[in-house]
Amino acid sequence: MTPDSELPDWPGQRLGLPESGPRSVARIGRRLAAIAIDWGIAVIISVAFFDYDPLATLAVFVGMQILFTVVVNASVGHLLLGMRVVPMAGGLLGVWRPVVRAALIALVLPAVFWNVDQRGLHDRAAGTILLRR
């Protein structure tokens, strides 16, 4: 465990990211609002086309996460709230990162355990970070 004196002043500081503004780590409020937007869209689609089947709702949610993150590096909720998913190592996001990230978000627990940089287990497994645009 790191002593308190070595903890960063803000999420992303030890990664060289700014405290606020563009390229800063997206904070929990935005993240929760974005996932609520994404889940709401999945529910609407599920109600309209799948008789609100719980597995269909989850499948729509995961499918949207993968599709939008592959195409525009952000889910609909992320886009609306000014966030994007980027690979930690730079370069292209590719397809495997959004697939791993979405699958782990669907399990819920990996998304709620994060480190001092507010990177959840899903982001760490995929080698990504959620930043403000």
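Q118 counts as buried, because its relative accessibility is 17% and buried means under 20% relative accessible area, exposed over 50% and partly exposed in between, with a 1.4 Å probe and protein chains only. This is a predicted model, in which local features need pLDDT of at least 70 and side-chain atom pairs count only at pLDDT 80 or more, while totals for chains, interfaces and linings use all residues. Residues are numbered from 1 along each chain as its sequence is written, and side-chain values use heavy atoms, with hydrogens and water left out.

Q118 sits in the loop between α5 and α6 (121–126). Helices (H or I, at least four residues) and strands (E, at least two) are DSSP runs, numbered from the N terminus. The phi of Q118 is near 55°, a positive value in a residue other than glycine. Most residues other than glycine have a negative phi. D51 also has a positive phi, of about 55°, although D51 is not a glycine. D51 is found in the loop between α1 and α2. Is D51 buried or exposed? With a relative accessibility of 74%, D51 counts as exposed.

I41 lies in helix α1 and is partly exposed, with a relative accessible area of 26%. Leaving aside residues up to four places away in sequence, I41 touches M64 and V76, where contact means heavy atoms within 4.5 Å. I41 and H78 are 37 residues apart along the chain, and their C-alpha atoms are separated by 13 Å.

M64 is one of the buried residues of α2, which also include A56, V60 and F61. What covers the buried residues of α2 includes α1, β1 and α4. The 19 residues of α2 should span 27 Å at 1.5 Å a residue, and the end C-alpha atoms are 27 Å apart, which agrees. The expected span of a helix is 1.5 Å times one less than its number of residues.

The strands can be taken as a pair. Strand β1 (residues 83–87) and β2 run antiparallel and are joined by five bridges; two strands pair if DSSP finds at least two bridges between them. V85 stands opposite L130 in β2, and the bridge partner of P87 in β2 is T128. Four of the five residues of β1 are buried, so β1 is largely enclosed by the rest of the structure. Four of the five residues of β2 (residues 128–132) are buried, so β2 is also largely enclosed by the rest of the structure.

The largest pocket has a volume of about 440 Å³. On a 1 Å grid over the protein atoms alone, a pocket is an open set of points where a 1.4 Å probe fits, with protein on both sides within 12 Å along at least five of seven lines; lining residues have an atom within 4 Å of a point. Of the 23 residues that line the largest pocket, R31, I35, I105, A111 and H122 are the closest to its centre. Which helix supplies the largest share of the lining? Helix α1 does, with seven residues.

Conventions. Grid points are joined across faces, edges and corners, and a volume is the space filled by probe spheres set on the points.
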